[in-house]
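Visitor: Hi! I'm new to looking at protein models. Could you walk me through this one?

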Amino acid sequence: MAASASGDKAADDSLYPIAVLIDELKNEDIQLRLNSIKKLSTIALALGEERTRNELIPFLTESIYDEDEVLLALAEQLGNFIPLVGGPEYAMYLIPPLESLATVEETVVREKAVDSLRTVAGQHSAQDLEVHLVPTLQRLVSGDWFTSRTSACGLFSVCYPRVSAAVKSELRINFRTLCQDETPMVRRAAAGKLGEFAKVVELEYLKSDLIPTFVQMAQDEQDSVRLLAVEACVSIAQLLPQDEVELNVMPTLRQCVNDNSWRVRYMVSEKLTDLQKAVGQEITKNDLVSAFQFLLKDSEAEVRASASAKVTEFCANLDKACQEQIIMTSILPCVKELVADSNQHVKSALASVIMGLSPIVGRNNTIEHLLPLFLIQLKDEWPEVRLNIISTLDCINDVIGIQQLSQSLLPAIVELAEDSKWRVRLAIIEYMPLLAGQLGQEFFNQKLRDLCFNWLNDHVYAIREAATLNMKKIVQTFGTQWAETNIINQILVMCKNSNYLHRMTCLFCINALADVCGADIIERLFLPTIKVLSTDPVANVRFNVAKTLQKLLPFLDQATIDEHVKPILEKLNTDTDVDVQYFASEAMVSSAGGYS
């Protein structure tokens, strides 16, 4: 009787995880259902491999009617379930629920289910692949709803390499069928996977089966299909011998460059440097240079912006024997037109890369041809264009030296430094240490130092904060002797400013500069200023004094701490403001003397 009761209890315990899961998956609260799905691996471990295969997986397969968020979590979980069902030899048990998920309406769920099916496929033996996964793929291919057929497209490349010749032939036929599907979404999915499938198909069948399909898709009535065929173009060109690229790929590519849809031309522009590497130097010289010119002059700004961003990379990949000649005669005239483009995004894209041409074309061509363009963009009405030029100064500096730019550069810097948009001011601050190092101490002192002090008094906190870090980086560039002579006194004068925010900025600067100035300057110049601010009427300033002293402690010897720091902290520790007391006590505890 006792044994029977014990057996019943054990049975109840073993059923408990599944019972809890069923209850939670039927709960009206979606968050509870979602949490339940995310705990599936724990439930599977509790059930064991055999019961997971025979009970949990069938239950999940029957339960695939839920919110998309829950189904997405389930599709993701099942991809990691192979060890929980007993390893690769039992991976086929995961196919039914994933197949169901691969047919649902929501795209992200289908995509995640296909990702998981690809993971599961990678764990199958070649024999199991043909027995279990290929039939699944064929069911998806012949599904009534387009959702299953779109999902099928993602499985060909993982099945094809490890199946028999007869099955391979069937898969190629199935793939071509999907490429000609009446539903645009299916053709689009097939076009997106064409390049991936081409990489695993034998060269013989690539030429006989897939290239005609590629040519057909590049002429599809839907531009969303045609633009994905451009992506496949790169993969196919990489797989073919050079002489066959001209025959099989280039006619279609030329057609895409002149496509009526700007989206297709945009995709050609985005993939042009990849194509350039795939087709080789001869075809680049004969075909891609003229295609690139065409894209740089495109009627759509999006296409011109994309092509502009590729200028330097495209030119760098040209055959060195004719590189300079092609750039100067074919590319540079287009670039000159783009500098005055009516669209700010085109000019901004060009400005971010144009200076990269300097090392390629050399000093003389840079001075004669690029420098005038550079100066035009420095004076552009759009701040982003000017910023992108300034951010690439190092490229041209390495070629011609910064002194030639100094007089033209300064007005643009001043304008950006005083721009009404604080994010623009913030961006130029980040480049100031670079400019300081390139322009030298004398130029910085005369022209740029006052800008840096203006930023310390800016009405936006983010600017003041960035300006303090900027000061630290400039001191690292020019040294502490320069700092003491040129900036420290002006920073310390801020402790007398009537605006408490500026007095706080003085403390923040001391914090930042402590790392680079050393103990002597801290003791001679910083500590007297801190002592003055320790009696500030504003509590925020006083507790920042305590925090600053805590930061300075590692730079000071014990005698200095006892003589100068300890009296200030002890006074702050009895302050009427609780925050000031707190930070003062913290500083005292962490000091070398360990006051507590």
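Visitor: Let me start with Lys551: is it buried or partly exposed?

Guide: Good place to begin! This is a predicted model, and in it Lys551 is partly exposed, with a relative accessible area of 30%.

Visitor: Which side chain does Lys551 meet in a salt bridge?

Guide: That of Asp515, at 3.6 Å from N to O. Lys551 sits in helix 34 (residues 539-552) and Asp515 in helix 32 (residues 500-517), so the bridge ties together parts 36 residues apart in sequence. Asp515 is partly exposed too, at 38% relative accessibility.

Visitor: How many salt bridges does the structure hold?

Guide: It holds 25. One of them pairs Asp287 with Arg254, at 2.6 Å. That pair links distant parts of the chain, with Asp287 in helix 18 and Arg254 in helix 16.

Visitor: And is Asp287 buried or exposed?

Guide: Asp287 is buried because its relative accessible area is 13%, and the cut-off for buried is under 20%. Arg254 counts as partly exposed, at 34%.

Visitor: New topic! Which residues form the negative surface patch?

Guide: Those are Glu67, Asp68, Glu69 and Glu105. Glu105 is in the loop between helix 6 (95-101) and helix 7 (107-123), and it is exposed, with a relative accessible area of 69%.

Visitor: Last one: what domains is the chain divided into?

Guide: There is domain 1 (16-123), domain 2 (161-279) and domain 3 (290-400). The C-alpha centres of domain 1 and domain 2 lie 34 Å apart.

Conventions. Residues numbered from 1 in each chain as written. Predicted model: local features only at pLDDT ≥ 70, side-chain atom pairs only at ≥ 80, totals over all residues. Heavy atoms only, no water. Patch = residues over 30% accessible without salt bridge, like charges linked within 9 Å, V, L, I, M, F, W, Y side chains within 5 Å. Areas by Shrake-Rupley, 256 points an atom, 1.4 Å probe, with all protein chains shown as cover. Salt bridge = Lys/Arg side-chain N within 4 Å of Asp/Glu carboxyl O. Lys, Arg positive; Asp, Glu negative; His and termini not counted. Charge placed at Lys NZ, Arg CZ, Asp CG, Glu CD. Helix = DSSP H or I, 4+ residues; strand = E, 2+ residues; numbered from the N terminus. Buried < 20%, exposed > 50% of the residue type's maximum accessible area, 1.4 Å probe, protein only. Domains from an automatic or database assignment.
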